[in-house]
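Trainee: Could you take me through one part of this model in detail? I'd like to look at the sheet and the charged pairs around it.

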Amino acid sequence: MSNFQKWVFLFVLVLAGSVLLSGQVTTGTISGTVKDSSGAVLPGAAINIQNKDTGASRSVTTDSRGYYSAPNLSLGQYEVTATLTGFQSEVKHGITLNVGQNAVFDFSLEVGAVTQQVDVTAEAPLLET
């Protein structure tokens, strides 16, 4: 076998090995949609995804179709929270993310009570006689 043939063989071997290794997936994805109680999508909702094992969290926002996706999450236990101004927050607990899994969790947010508090701190001016 010539020197050139050895290099070609080695190149093909490395190329085949890299293709096989690229198929190894060690992460998962959490995705879903956020809608209101009538079924209308809610764009701009904040989604917080927290890994309960490590404490790491990732935040994403729903798109114009109310869809969110958080790819490349490490495996483990998760808690997912959806919030949007004017709506009650919703939390999904006990989510276990496995290798290569695309876990889909949809939210249906209820209209929240709008409260407003105004604090005025002022003193009456002193009267000058």
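Mentor: Strand β2 (residues 46-51) and strand β3 (residues 57-61) run antiparallel and are joined by 5 bridges. Strands here are DSSP runs of E at least two residues long, numbered from the N terminus, and two of them pair if DSSP finds at least two bridges between them. A46 has T61 in β3 as its bridge partner. Between the two strands of this hairpin sit 5 residues, and G55 takes a positive phi near 85°.

Before going on, a word on where this comes from: the model is predicted, so local features need pLDDT of at least 70 and side-chain atom pairs count only at pLDDT 80 or more, while totals for chains, interfaces and linings use all residues. Numbering starts from 1 along each chain as its sequence is written, and side-chain values use heavy atoms, with hydrogens and water left out.

Now zoom out to the sheet. It's an open one of 4 strands, in the order β3-β2-β5-β6, with antiparallel pairing. β3 and β6 (90-97) stand at the edges with a single partner strand each, so one side of each has no neighbour in the sheet. From one strand to the next, the twist averages 20°, an angle between N-to-C directions on a scale from 0 to 180 degrees, with axes fitted as lines to C-alpha atoms. Over at β6, 6 bridges join it to the antiparallel strand β5 (residues 76-83), and G76 has L97 as its bridge partner there.

On to the charges. A salt bridge means a side-chain nitrogen of Lys or Arg within 4 Å of a carboxyl oxygen of Asp or Glu, and the count comes to 3. In one of them, E79 meets K52, with the closest N and O atoms 4.0 Å apart. E79 belongs to strand β5 and K52 to the loop between β2 and β3, so this pair ties together parts 27 residues apart in sequence. For accessibility, buried means under 20% relative accessible area, exposed means over 50%, and partly exposed is in between (1.4 Å probe, protein chains only). E79 is buried because its relative accessible area is 18%, whereas K52 is partly exposed at 47%.

R65 and D63 also form a salt bridge, at 3.1 Å from N to O. R65 is exposed at 55%, and D63 is partly exposed at 28%. Then there's the salt bridge between E90 and K92, at 3.3 Å. E90 is partly exposed at 21%, and K92 is partly exposed at 23%.
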